[in-house]
Amino acid sequence: MSWRSYILPSRSEGMASGLPIDPYRVREDFPIFKQDKGLVYLDSTATSQKPLQVLEAVKQFYAKQNANVHRGVYGLSVEATEEYEKARRKVAELINARSPREIVFVRNTTEALNLVAYSLGLNRVRADGKVVLTVMEHHSNIVPWQIVSKHRGFRVDYVPITSDGYLDMSAVEEKLSGSDVFSFVHASNVLGTINDAKYLTRKAHEHGALAVVDAAQSVPHMPVDVQDIGCDFMAFSGHKMLGPTGIGVLYGRRELLEEMEPFMGGGEMIKEVYLDRSEWNEVPWKFEAGTPNIAGAVGLGAAVDYLKKIGLDKVRDYEHILTSKALEALSELKHVKIYGPENPRHRCGLVAFNLGDIHPHDLASYLDGFKICVRAGHHCAMPTHTWLGLTATTRASFYIYNIPDEVEVLVDALKKAAVFFKLS
Ligand code: 7TS
């Protein structure tokens, strides 16, 4: 592949005044941008890049504190356990959980949602009951419920989407009637729509349903307070918020976690094991079978520190600026069709679009020729695409290390693509 890379402006040329975040300062912490100065990374919705502080925390753990947790009485193991539990406290504080005991470490959002679907679906949802989802869910909040409903027989129903890309609020009451669980996405990874999690939780509770929030695209990008929202469960991934892959979080209200059956069995999650039965450990360890991703949790703790130092309100404000700029610039292009709400205040930091009839995979490959990384496909949200009447879109997404000029780089490359693919 021969790269026709854009030269991104240096800090002095490109520094826009008055931004909530100095992205040039942020970029200095991310080795990937030093290694490749022409890289235009617009795929943080899939996974974020990692700052030195996170890399260093993981390295330090393995170099100096590595031992298994909750097992040894020797000093090193106690130290490793302390580091692991410290990370849990940081995550609890980030989302304002009442206690670190409400934070379960898992692999990712997918595992967190499977845990909830299996534990609630096998034990709590009535066989003649109903689980309500929305049409804008990621597959990880659809497929586990479908699998479990096959065993139990409960119905799975969906809140539809309006033509302008919002949840159809007029349908919420009717869908929730007779339901046991309402599991919904906080911010859509395709439409960008930010749903009112507090309102939806209240509606779930009014109907006697538990509220589960898929916060994979919200916790990394905006202040999120589980007590204010009032939800029963919340799922998110470390790798989308500057942390390592293989570490994710399930927040659950303590009373509920205590009542629930575990999702996986094995070491760590038990108090006593007999040949005919076992007794579970206390929460959250009851849900953490086997050796966890200790270094991953430590890395996530460092990512939380990093984000808190910047301030998630600033992260949100900065992404709003980038998203507004992208929406404006893309909508001026002749062949571009943008999906999701028009108002950038109602969106998170991503824009899914199509350019004429160019297949998103062809477009993404063309853009890759300029070192522009965008995602193409159904983004693990096939029902959302079916609703759009499409099989695929191209998606650009932003984070704290993106600079406003990268929007222009994308727009310029899209203009070239229109010529290259001979759009009339
Ligand atoms: N929920 C939402 C809203 C997501 O965007 C994703 C990942 C997940 C759940 C699953 O997260 P995981 O960490 O368990 O994989 N979304 C995407 C995406 O849009 N492109 O790649 C992954």
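About 2,600 Å² of area is buried between domain 1 and domain 2, and carbon and sulfur atoms give 65% of that figure. On the side of domain 1, the residues that lose the most area to domain 2 are Leu-312, Trp-387 and Tyr-399, which together account for 26% of what that side buries. The size of an interface is often given as accessible area lost when the parts come together. The model discussed here is a predicted one.

The two domains are assigned as follows. Domain 1 is made of two stretches, 3-38 and 311-420, while domain 2 spans 55-309. Their C-alpha centres lie 29 Å apart. Contact between them involves 35 residues of domain 1 and 35 residues of domain 2.

The polar side of this interface can be described by two counts. Between domain 1 and domain 2 there are 17 residue pairs in polar contact, with both residues at pLDDT 80 or more. The count of salt bridges between the two domains, by contrast, is zero.

The secondary structure elements that give two or more residues to the side of domain 1 touching domain 2 are helices α13 (312-331) and α15 (382-388) and strands β12 (350-355) and β15 (393-397). Of this side, α15 provides the largest share, with six residues. Sorted by class, the side of domain 1 that touches domain 2 holds 20 nonpolar, nine polar and six charged residues.

The ligand comes next. It is surrounded by 17 residues, and the closest are Thr-110, Asp-214, Ser-237, Arg-375 and Arg-395. Asp-214 places a polar side-chain atom 2.6 Å from a nitrogen atom of the ligand. His-138 also has a polar side-chain atom facing a ligand nitrogen atom in the distance list, at 3.5 Å.

Side chains of opposite charge can pair when their charged atoms come close.

Val-283 and Pro-284 are joined by a cis peptide bond, with omega about 5°. Pro-284 is found in the loop between β10 (278-280) and α12 (294-310). The other feature concerns His-70, a residue other than glycine whose phi is positive, near 60°. His-70 lies in the loop that runs between α4 and α5 (75-94).

Definitions and conventions:
Residues numbered from 1 in each chain as written. Predicted model: local features only at pLDDT ≥ 70, side-chain atom pairs only at ≥ 80, totals over all residues. Heavy atoms only, no water. Domains from an automatic or database assignment. Contact = heavy atoms within 4.5 Å. Buried area = accessible area lost by both parts, 1.4 Å probe. Salt bridge = Lys/Arg side-chain N within 4 Å of Asp/Glu carboxyl O. Polar contact = N/O pair within 3.5 Å; in protein donor to acceptor, adjacent residues only side chain to side chain. Helix = DSSP H or I, 4+ residues; strand = E, 2+ residues; numbered from the N terminus. Nonpolar A, V, L, I, M, F, W, Y, C, P; charged D, E, K, R; others polar. Near = heavy atom within 4 Å.
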